[in-house]
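Here's a protein model to look over.

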Amino acid sequence: MTSRPPALSTRDRILRLWRRNRWLTLSFLLAAGFALFFTVRAVVFFVYWHNHVDEPLAGWMTIRYVAHSYHLDPLVLHTALDLEPGVPDRRPLIEISRDKDQSMDETTRILLDAIARDRDAHRPPLAPPAKP
């Protein structure tokens, strides 16, 4: 009858793994770190945009931020403000207003009208009432 070697503690197992497979252990820890980083980043992204839907327009916002918040194509907003459609505009709304000699209120009104028109155009038709 052979005797079994004594069971190793978790600490001893980790130390043995480190001594025998240092590169493999480092690679695993690096991969686990990247996975954790990108998981946390994705969760933060989804939580942020879940809470920032249909934000009231403010001067610091960009066209892309407004488009993302209102779930529409930035081209709709570019067209409404008569901006060049092929070039992404990273200026804040207040700067766009100044460059167009408009007040921020007027720019906000133009954008909200464009958002309402786009939503009306993409709203699904109402179903006919059910017949009894």
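This is a predicted model: local features need pLDDT of at least 70, side-chain atom pairs count only at pLDDT 80 or more; totals for chains, interfaces and linings use all residues.

Residues are numbered from 1 along each chain as its sequence is written, and side-chain values use heavy atoms, with hydrogens and water left out.

**The greasy patch**

- L30, F34, F37 and F38 make up a nonpolar patch on the surface, and together they have about 440 Å² of accessible area.
- Patch members have over 30% relative accessible area and no salt bridge; like charges are joined within 9 Å, and nonpolar side chains (Val, Leu, Ile, Met, Phe, Trp, Tyr) within 5 Å.
- A salt bridge, by the way, is a side-chain nitrogen of Lys or Arg within 4 Å of a carboxyl oxygen of Asp or Glu.
- The areas come from the Shrake-Rupley method with a 1.4 Å probe, and for residues only the protein chains shown count as cover.
- F34 sits in helix 2 (residues 22-51); helices are DSSP runs of H or I with at least four residues, numbered from the N terminus.

**Rings that pair up**

- The structure holds four aromatic pairs, meaning rings of Phe, Tyr and Trp (its six-membered ring) with centres within 6.5 Å; planes under 30 degrees apart count as stacked, over 60 as edge-to-face and the rest as tilted.
- One of them is F34 with F38: the ring centres are 6.4 Å apart and the planes are at 15°, so this pair is stacked.
- F34 and F38 are four residues apart in helix 2, so about one helical turn separates them.
- F34 is partly exposed at 47% relative accessibility, and F38 is partly exposed at 43% (buried is under 20%, exposed over 50%, partly exposed in between, with a 1.4 Å probe and protein chains only).
- F45 and F46 have ring centres 5.5 Å apart and planes at 75°, so they count as edge-to-face.
- F45 is partly exposed at 40%, while F46 is exposed at 57%.
- Ring pairs also tie F34, F37 and F38 into a cluster.

- Most residues other than glycine have a negative phi.
- H71 isn't a glycine, yet its phi is positive, near 55°.
- You'll find H71 in the loop between helix 3 (63-69) and helix 4 (74-80), and it is exposed at 60% relative accessibility.
- D101 isn't a glycine either, and its phi is positive at about 55°.
- Look for D101 in the loop between helix 5 (93-99) and helix 6 (104-122); at 73% relative accessibility, D101 is exposed.

Methods. Helices (H or I, at least four residues) and strands (E, at least two) are DSSP runs, numbered from the N terminus.
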